[in-house]
Amino acid sequence: MVLLTSLFALATLASAGTITKRQAAGAQVAKLTSIENIAVRSNGQILATSMSSTTIYSVNATAKTSASAIVVSGAAGFSGIGEYLPDQFAVIGGGSTGTTIYKIDFSSGKAVSTLVKKIAEASNLNGLAVLNNDTVLVGDAGKGVVYRFTMSTGAYSVAISDPTMVPSGGIPFGIDGLKYKDGVVWYTNIFKNSFHKVPVDATGKATGAVVTLWTNLMGDDLCFGPSGKIYVATNGKNSLVEVDPAAASPTPKAVATVSGSTSCAFGRTESDKDVVYIGGSGGVFSATIK
Ligand SMILES: *[C@@H]1O[C@H](CO)[C@@H](O)[C@H](O)[C@H]1NC(C)=O
Ligand SMILES: *[C@@H]1O[C@H](CO)[C@@H](O)[C@H](O)[C@H]1NC(C)=O
């Protein structure tokens, strides 16, 4: 979710865990407001969403420029985004309480948006993970569940429901970051300061117990690095941390400072495959991972 400026955020900061200091500041790639999530196209462009803008931005990290990739009137704003087929992206629309899944298709050479379907019973969709080439998983931060959603039909149902996903405290925001890789769903619960994983089958249904990796560091969305490490944006802790997914109780190591960090994605071209892009309250930033 976006950077919190309320007193609530301050209370959260006081309870968040410690992480290794001395990381370098992320380099600004594009100045934009309240970037919520990012995804990288195969041509190298970074797509960036904001919950308060109907524009999905396109950022060129080489030129350090941003432009509108597409404006979707009626969407209010966008959050989680992921590529499920070559140059076809699923994105959650509806602003700060998104409930609608859109498809943004660049495969014809021109961006085309389609409203696939509203998840009528959803309260507040935020994180999005690609399960396969026709299915995305979307986290309902308000209800604390994950839906599986079929892009070609708009069919959906609850895939995972767990107490670690539900909101705590006054702000209706529980499960936040959500990503899938190799049979495992990884997710954060922002105000529980927690990070979790759960094994799933091909339909996204949990096949084992939820494992809690930590409960003392705020986590927003996450991404996978080329070396197999996982990177988690820490939002109010203003950093991106690196995590060894093989560790039972990983020690998060900060790799970049980014104010209000919400999300990350690695470069996809030869020249930036070791560069992680980070969405934050002031735009899109980058850090080279050695
Ligand atoms: C990004 O900008 C560079 C430098 O201006 C340009 O060469 C490149 O084609 C651009 N990339 C894309 C994907 O538009
Ligand atoms: C999607 O994946 C399935 C299973 O791997 C494959 O059979 C199918 O051809 C893929 N569809 C597209 C459009 O790529």
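Analyst: **Loops first, then their surroundings**

N238 counts as partly exposed because its relative accessibility is 28% (buried is under 20% relative accessible area, exposed over 50%, partly exposed in between, with a 1.4 Å probe and protein chains only). This is a predicted model, in which local features need pLDDT of at least 70 and side-chain atom pairs pLDDT 80 or more, while totals for chains, interfaces and linings use all residues. Residues are numbered from 1 along each chain as written, chains are lettered from A and ligands numbered from 1 in written order, and side-chain values use heavy atoms, without hydrogens or water.

N238 sits in the loop between strand 19 (230-233) and strand 20 (239-243); strands here are DSSP E runs of at least two residues, numbered from the N terminus. Although N238 is not a glycine, its phi is positive, near 60°.

D87 also has a positive phi, about 60°, without being a glycine. Its place is the loop between strand 6 and strand 7 (88-93), and at 13% relative accessibility D87 counts as buried.

Strand 6 (residues 78-85) also contains S79, which is buried, with 1% relative accessibility. Beyond residues up to four places away in sequence, S79 touches E36, N37, T49, M51, V91, I92, L125 and N126 (contact means heavy atoms within 4.5 Å).

Now for the disulfide, of which the structure holds one: C223 and C264, with sulfur atoms 2.2 Å apart (the cut-off for the pair is 2.5 Å). C223 belongs to strand 18 (residues 222-224) and C264 to strand 22 (residues 263-266), so the bond ties together parts 41 residues apart in sequence. The link is left-handed, with -115° about the S-S bond. Both partners are buried, C223 at 4% relative accessibility and C264 at 3%.

Finally, the largest nonpolar core has 15 residues, and V59 and Y277 are among those with the most contacts inside it. Such a core joins buried Ala, Val, Leu, Ile, Met, Phe, Trp, Tyr and Cys residues through side-chain atoms within 4.5 Å. Leaving aside neighbours within four places in sequence, V59 is in contact with residues including V29, L32, I46 and V284.

Definitions and conventions. Helices (H or I, at least four residues) and strands (E, at least two) are DSSP runs, numbered from the N terminus.
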